[in-house]
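Dear colleague,

I am handing over the structure below, and I would be grateful if you could look through it before reading on.

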Amino acid sequence: MFERLTERASKVMCLAYEESERLRHDYVGPEHALVGLAQQEDSRAAAILGASGLGPDVLRAGMDHLVAQGILPGPWRNKADLLQSVGIDLASVQQAVEESFGMEAVLTASRNARSRSWLREDWIMCTSPISPLSGKAMLVKRAFQLAGQEADELGLHEIRPEHVLLGVLRDAQDPVGTGLSRRARRVRAYLGLHPRGPSPVRLAIEASGTNLAALHSHVLADLHAAT
Amino acid sequence: MREAQPDQVTELAAATSSRDPEVGLAAVAALRGLVDVLEALQVENARAKGWTWKAIAERLAVSKQAVHQKYAGGRLFRAGK
């Protein structure tokens, strides 16, 4: 479904990546995508979130709070810091291999080693130049699949940021880990994420007094009104 | 807003790595991930330079079958990629 994203919806992934970087996380999850959606300028999704008291600053503070509560991983749980703890400077390794083989070859190797054929360069490159060596796990697939379904239901092929928001909100209505394989659960555990419990997106939204299902209906009604 | 200070984080990780299994074990897994990428990079480079699977396997200190199974068969390094 990633190929169905419009340019602006792709940009949400970049913004999500940036939020993940800010928190020094090793994955991109729906919670990062939510912050990305809220942050995007001239966006319908951001306007709706803002009107519900869920502006980027509020949501970022919400993420920090979830980290402090131990619901989201702490800032040391990323490859660069973990490798530093055993004396390996990832930035130096990165520089050395890129000088020898070039960025493209490193990206390919990273993609192959992790069986992530869908890893897209523009998501990695959209922020500061981040090496594929420190590539993040993508835990947003279900939210984007649901975004695709939302677009289908509206009779659209392309997935816009508003559909991504709907997907994120629908994904958050189920507890974390819904529909995941055993392998995917292992990845979550390794990243320091809880195996079960309410979605961090739900927690962040409800912390500011907004009802998740009501917000979903509100976004949907807004989309219907616009078409 | 709380911002993680990279230096502090690194110091924290370095200070706790030897004792805290939480950090130590995760560090080993991170290392394994790095090795996987470096191996894929080197194998691809060797193949591009015309090395045989046998020669690659010898340098990696693994069996020819192991390296072939992992990297050959077009699943990973497709032509032109």
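In which helix is the place of A40(B)? That residue lies in helix α2 (residues 21–48) of chain B, where helices (H or I, at least four residues) and strands (E, at least two) are DSSP runs numbered from the N terminus. Before going further, please note that this is a predicted model, in which local features need pLDDT of at least 70 and side-chain atom pairs count only at pLDDT 80 or more, while totals for chains, interfaces and linings use all residues. Residues are numbered from 1 along each chain as its sequence is written, and chains are lettered from A and ligands numbered from 1 in the order in which they are written.

To stay with A40(B) for a moment, this residue is buried, with 23 other C-beta atoms within 10 Å; a residue counts as buried if 20 or more other C-beta atoms lie within 10 Å of its own, as exposed if 12 or fewer do, and as partly exposed in between, with C-beta atoms placed from the backbone. Leaving aside residues up to four places away in sequence, A40(B) touches A109(A), N112(A) and A113(A), a contact being two residues whose C-beta atoms, placed from the backbone, lie within 7 Å. Within chain B, A40(B) and Y71(B) are 31 residues apart in sequence, and their C-alpha atoms are 7.9 Å apart in space.

Chain B as a whole has four helices and zero strands, and 20% of its 81 residues count as buried.

Chain A has 13 helices and two strands, and buried residues make up 46% of its 227 residues. Its C-alpha trace spans about 55 × 35 × 35 Å along the principal axes. Among the contacts in chain A with a separation of 6 or more, 68% are between residues 24 or more positions apart.

Helix α2 (residues 30–39) of chain A deserves a look, because 10 of its 10 residues are buried, so the helix is largely enclosed by the rest of the structure. The axes of helix α1 (residues 7–22) of chain A and α2(A) come within 7 Å and cross at roughly 120°, where axes are lines fitted to C-alpha atoms, for helices over the stretch in contact, and angles run from 0 to 180 degrees between N-to-C directions. The two helices are therefore oblique to each other, since angles under 35 degrees count as roughly parallel, over 145 as roughly antiparallel, 65 to 115 as roughly perpendicular and the rest as oblique. V12(A), L15(A), A16(A), E19(A) and S20(A) in α1(A) meet residues of α2(A) that include H32(A), A33(A) and V35(A).

A second pair is formed by helix α9 (residues 141–153) of chain A and helix α10 (residues 161–171) of chain A, whose axes come within 7 Å and cross at roughly 120°. That makes α9(A) oblique to α10(A). Among the residues that meet here are F144(A) and L146(A) in α9(A), and V164(A) and L166(A) in α10(A).

With kind regards
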